[in-house]
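Work through the exercises below with the coordinates open. Each task is followed by a solution in steps.

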Amino acid sequence: DDMVSDFSISVYQGSEVVGGEDVNLYDLLQQDKPIVLNFWAPLCPPCRSEMPELQDFYDENKSRVLVLGVDVGPLVGMGSLEEGRALILELGINYPSGTTLDADTMNKYKVLGMPSTYFINPNGSLYKTWVGGLDKNILTSITENMLE
């Protein structure tokens, strides 16, 4: 299995969960949990509609999986950092979220559409990629398989 690429994250919220305001993805693997990495943008309607589903999933599974939302709006021309912060406040999202200024991240992850979610094994290998909106049932099903 290929290791996912490391990149830097500037945290909007959840710094107590991820261990700082500025972290790298590889730092988060030290928690020895699978990571559900969700790339989103504030001006992307399907991103907005799946965020409450990610929140429900996080509420039920935070002890065994790390959910991380990364706002790439500025990188893809779909919203500013201010709009990103405003959206998570508006929706009442509290899973760890931030942005990346690492412009190469989109290429490294071959992000084809918004939202895109990457299910990452605790060892840093990619388990599955999902392009498009998710709901809690799909998130739970993929994560259960990954944890087995």
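**Exercise 1: the disulfide**

The torsion about the S-S bond of cysteine 44 and cysteine 47 is about 80°, so the disulfide is right-handed. The model is predicted: local features need pLDDT of at least 70, side-chain atom pairs count only at pLDDT 80 or more, and totals for chains, interfaces and linings use all residues. Residues are numbered from 1 along each chain as its sequence is written, and side-chain values use heavy atoms, with hydrogens and water left out.

Task: State how many disulfides a search of the whole structure finds, and whether cysteine 44 and cysteine 47 are buried or exposed.

Solution. 
- Step 1. Apply the criterion: a disulfide is a pair of cysteine sulfur atoms within 2.5 Å.
- Step 2. The search of the whole structure returns 1 disulfide. Cysteine 44 and cysteine 47 are joined with an S to S distance of 2.2 Å.
- Step 3. Cysteine 44 and cysteine 47 are both buried (under 20% relative accessible area; exposed is over 50%, partly exposed in between; 1.4 Å probe, protein chains only).

**Exercise 2: the sheet**

Task: Give the order of the 7 strands in the open sheet, and name the edge strands.

Solution. 
- Step 1. Strands (E, at least two residues) and helices (H or I, at least four) are DSSP runs, numbered from the N terminus. Two strands pair if DSSP finds at least two bridges between them.
- Step 2. The order is S2-S1-S5-S4-S3-S6-S7, with mixed pairing. S2 (22-24) and S7 are the edge strands, each pairing on one side only.
- Step 3. S3 (residues 35-40) pairs with S6 in the antiparallel sense over 5 bridges, and phenylalanine 39 has serine 116 of S6 as its bridge partner.
- Step 4. With S4 (residues 66-71), S3 pairs in the parallel sense over 6 bridges; leucine 37 is opposite leucine 68 in S4.

**Exercise 3: strand S6**

Solution. 
- Step 1. In a regular strand the side chains alternate between the two faces of the sheet.
- Step 2. Ser116, Tyr118 and Ile120 lie on one side of S6, Thr117 and Phe119 on the other, and all are buried.
- Step 3. S6 pairs with S7 (residues 126-131) in the antiparallel sense over 5 bridges, and serine 116 stands opposite valine 131 in S7.
- Step 4. S6 and S7 form a hairpin with 5 residues between them, and glycine 124 in the turn has a positive phi of about 95°.
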